[in-house]
Amino acid sequence: MLKIKRKSLLYKSGVEYADYCINHVEGCSHGCKFPCYAMNMKKRCGVIKDYKDWIKPKIVENALVDEYLPIKINSLSTMLHFDSLPNSLLKKLIGLLSSSDSKLIDSCARVFKKFIINDNQLFEILSYKNNYMNMNKHSIRRLLIIYFKSIFDLENFRKLIINSNWDNVHKEMVLKELYTFEQILLKNL
Ligand code: SF4
């Protein structure tokens with residue numbers, strides 16, 4: 001997945017039915033063959049080179065930290081159509097998991113499940129470039145809910161954390177949340 005940064009997501013619109021528009025993606029994987037107005041405009045402005053460039057959409061990474069919630073949710077839905085997740089976006093996703101909004105959490109969960117398929121991969125990704133340091137107890141709880149459905153599934157992940165070279169503060173925080181989550185699963189047996 002490619003990404004770009006923009007000064008603003010809000011644009012003054014030239015169309016008669018809207019004063020402003022919001023755009024969190026550049027390009028479109030639909031790649032319609034009939035003349036696409038949006039593609040032609042981007043070509044004319046020199047933002048993209050050609051059709052091949054257009055059909056590889058780039059996500060505007062600052063959309064994920066925009067205060068307007070629907071933009072974040074829409075960006076997350078768009079990310080489901082990409083085939084990889086850059087680490088800078090992953091860090092932002094971990095941050096979004098601390099939200100109290102259930103729709104946003106559900107959208108994040110779908111992106112996590114698409115790009116990180118199991119607990120081993122989750123551990124690798126959290127360890128990469130110390131991504132785990134972006135977690136707080138809320139995001140840890142959300143990740144546990146996304147990836148673990150039974151107490152048996154937790155054991156491998158617990159071992160990975162214990163044997164990791166993560167700093168002690170985060171290690172203890174994850175292990176504590178893991179224990180609490182385990183107790184909840186046990187009660188629901
Ligand atoms: S933006 Fe262009 S390529 Fe994408 S769906 Fe619309 S017309 Fe088709």
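Me: In what order do the elements of the chain run from the N terminus on?

Reply: Good place to start. Keep in mind that this is a predicted model. Reading from the N terminus, the order is β-β-β-β-α-α-β-α-α-α-α-α-α-α. That comes to nine helices and five strands in the chain. As for its extent, the C-alpha trace spans about 60 × 30 × 30 Å along its principal axes.

Me: In which sense do strand 4 and strand 5 pair?

Reply: Strand 4 pairs with strand 5 (residues 58-60) in the antiparallel sense, over two bridges.

Me: Now helices. At what angle do the axes of helix 7 and helix 9 cross?

Reply: To read a helix pair, look at the angle and then at the residues that meet. The axes of helix 7 (residues 137-147) and helix 9 (residues 168-187) cross at roughly 50° and come within 10 Å. That angle makes helix 7 oblique to helix 9. The crossing of the two is right-handed. On the helix 7 side you'll find Lys137, Ile140, Arg141 and Leu144, which meet Met173, Val174, Glu177, Leu178 and Phe181 of helix 9. Sorted by class, the residues of this contact are six nonpolar, three charged and no polar.

Me: And how does helix 8 lie relative to helix 9, roughly parallel or roughly antiparallel?

Reply: Check the angle again: the axes of helix 8 (residues 151-162) and helix 9 cross at roughly 170° and come within 11 Å. Angles over 145 degrees count as roughly antiparallel, so helix 8 is roughly antiparallel to helix 9. Helix 8 brings Ile151, Leu154, Arg158 and Ile161 to the contact, while helix 9 brings Lys171, Val174, Leu175, Leu178, Glu182, Leu185 and Leu186. Eight of the residues in this contact are nonpolar, three are charged and none is polar.

Me: Last one! Which residues are around the ligand?

Reply: List them first, then sort them by class. Around the ligand are Cys28, His30, Gly31, Cys32, Cys36, Ala38 and Met39. That shell has five nonpolar residues, two polar ones and no charged ones.

Technical notes:
Residues numbered from 1 in each chain as written. Predicted model: local features only at pLDDT ≥ 70, side-chain atom pairs only at ≥ 80, totals over all residues. Near = placed C-beta within 6 Å. Nonpolar A, V, L, I, M, F, W, Y, C, P; charged D, E, K, R; others polar. Axes fitted to C-alpha atoms, helices over the stretch in contact; angles between N-to-C directions. Helix = DSSP H or I, 4+ residues; strand = E, 2+ residues; numbered from the N terminus. Parallel < 35°, antiparallel > 145°, perpendicular 65-115°, else oblique. Left-handed = near helix turned anticlockwise from the far one by under 90°. Contact = placed C-beta atoms within 7 Å. Pairing = 2+ DSSP bridges.
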